[in-house]
Amino acid sequence: MEHKKVVIAGGGISGLTAAYYLQKEIREKQLPIDVQLYEASNHLGGKIDTIKCDGFTIERGPDSFLERKKSATRLAREVGLEDKLVPNGTGQAYILVKDKLHKMPSGSFMGIPTRIRPFLFSSLFTPAGKARAALDLIKSKQPAEGDQSLGLFFRRRLGNQVVDNLIEPLLSGIYAGDIDDLSLQATFPHFYQLEQEHGSLIKGLRKTVPKPPKNKPKPSMFRTFEDGLHSLVDAIEGQLKPESVHKNTGIDHIEKKAEGYHVLLSNGSVEKADAVIAAVPYFAVQRMLSQYDFMDTLKELKATSVANVAMTFDASAIKKDIDGTGFVVSRNSRFRITACTWTHKKWPHSTPEGKVMLRCYVGKPNDQEVVDLPDEEITEIALRDLNQIMKISEQPEFSIVTRWYDSMPQYSVGHKERIQQVTEQLNKQLPGVYLAGASYEGIGLPDCIDQGEAAVEQVLQHLNL
């Protein structure tokens, strides 16, 4: 049987997942395939980046994944890390609105109330705002239509106040984007289906979201690993053939030939490939395939930059503590931070006894310049904002600032259609080239893992193996 070669561009979690599951198929089924993964940097894992310092476990990128999306847990089990999974510490979460912390209403799902009483007694909304949100129960559904922004959809159903004070801070915290630009169909199509099927978001969620058990603590939604998220990356790399992973070697160009593809590497050499998995951001794959006009559609995609600062303190430095795991910030507040995690409470294993770790985020869509400020200024901004709601008497024992440029894909209205157009043209004009990663069909860790797995299935179908 003729030997085939598959090239994977990008060593983030999507590319690593693809390499792992493809090599597993090769090993178990004795397939005649050679897999080569190329990563332009010296670091595998993409935005997953864990460091250890003075007993602290610090995540510079994402700190966890959703437990209900099973692909990440399954992959952890595959690489021998299932017993290293730890749940998040649960506790009160807050929203900062107009310089005041408000408790997140219990019984809300992504900001939409499923229980009436906590919503009615919430200090987040005026009586008029609560009455407007209640119209969702009787307001007729919108006729079926194409894509629309999250902001437009939720404002029509629940009113401006619920959107601005609750839904927007939560969803913008996930996507680091503008809710009035983000696509409903590309981010939360489930809400559109709830409206169409039940005529009301509140009614739909009350019928479909399982009720929590009575008199039991709130279940944890997130998981990470005892040694940090990067331990998953290390475990995957440990399962791959060492000669198949190439760091500090990017892919500059991909060109279709009479048989397969020529892949031009950053070191000047050329790889021949029968299939390519492009597990890189949209702007990188567009550059690799810039000679194909249909790839210009990817130029319409956008991404924002963000930064975070992890600050550590002795517990005695926190003179006014808050009983909770963190807060998000509404955009009608004057704060420059967008969220803060009390990491020592959310992830107790990450912080030595008697110490505190706070991680703050900056980089609103209309405040991108903050990401370029010096480390000291970003740290000072975070401390100044925090001290308006807490009382911190000392400077951090140490702080670590991390910047992620153009790292948060913005699924703007029409995103699904754009990705579908590109995918259809790839299948037609460049069969054997497949996309995977946060730029395309989901930004969470499990979403990226799902895309890596899907790319493996597509490659095997293309190669008829």
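There are zero disulfides in this structure, a disulfide being a pair of cysteine sulfur atoms within 2.5 Å. In general, a disulfide is a covalent bond between the sulfur atoms of two cysteines. Take Cys53: it is in no disulfide, and the nearest cysteine sulfur, that of Cys360, is 18 Å away.

What you're looking at is a predicted model, so local features need pLDDT of at least 70, side-chain atom pairs count only at pLDDT 80 or more, and totals for chains, interfaces and linings use all residues. Residues are numbered from 1 along each chain as its sequence is written, and side-chain values use heavy atoms, with hydrogens and water left out.

**Two cysteines**

- Is Cys53 buried or partly exposed? Cys53 counts as partly exposed because its relative accessibility is 26%; buried means under 20% relative accessible area, exposed means over 50%, and partly exposed is in between (1.4 Å probe, protein chains only).
- Cys448 has 7% relative accessibility, so Cys448 counts as buried.

- Helices (H or I, at least four residues) and strands (E, at least two) are DSSP runs, numbered from the N terminus.
- Strand E17 covers residues 302–314, and eleven of its 13 residues are buried, so E17 is largely enclosed by the rest of the structure.
- Two strands pair if DSSP finds at least two bridges between them. E17 is joined to strand E23 (residues 398–410) by ten bridges, and the two run antiparallel.
- Across from Met311 you'll find Ser399 in E23.
- E17 also pairs with strand E21 (residues 355–362), again in the antiparallel sense, over eight bridges. Here Asp314 stands opposite Lys355 in E21.

- Another spot to look at is an open sheet of five strands, with parallel pairing and the order E12-E2-E1-E16-E24.
- Its edge strands are E12 (245–246) and E24 (433–435), each pairing on one side only.
- E24 runs parallel to strand E16 (residues 275–278), and three bridges join them. In E24, Val433 is the bridge partner of Val276.
- Helix H1 (residues 13–29) lies across strands E1 (4–9), E2 (33–38) and E16, running at about 165 degrees to E2. Axes here are lines fitted to C-alpha atoms, for helices over the stretch in contact, and angles run from 0 to 180 degrees between N-to-C directions.
- Helix H15 (residues 445–462) lies across E1, E2, E16 and E24, at about 165 degrees to E16.

**Helix H10**

- Which residues of helix H10 (residues 230–239) are buried? They are His230, Ser231, Leu232, Val233, Ala235 and Ile236.
- Those buried residues pack against H1, strand E3 (50–53), helix H2 (71–78) and strand E11 (222–225). Contact means heavy atoms within 4.5 Å.

- Thr249 sits in the loop between E12 and strand E13 (251–256). Thr249 counts as buried because its relative accessibility is 11%.
- Not counting residues up to four places away in sequence, Thr249 touches Tyr38, Glu39, Ala40, Leu265, Ser266 and Asn267.
- Val328 is part of strand E19 (residues 326–329). At 15% relative accessibility, Val328 counts as buried too.
- What does Val328 touch, leaving aside residues up to four places away in sequence? The list is Tyr94, Ile95, Leu96, Pro169, Leu170, Thr338 and Ala339.
- From Val328 to Val456 is 128 residues in sequence and 37 Å in space, C-alpha to C-alpha.
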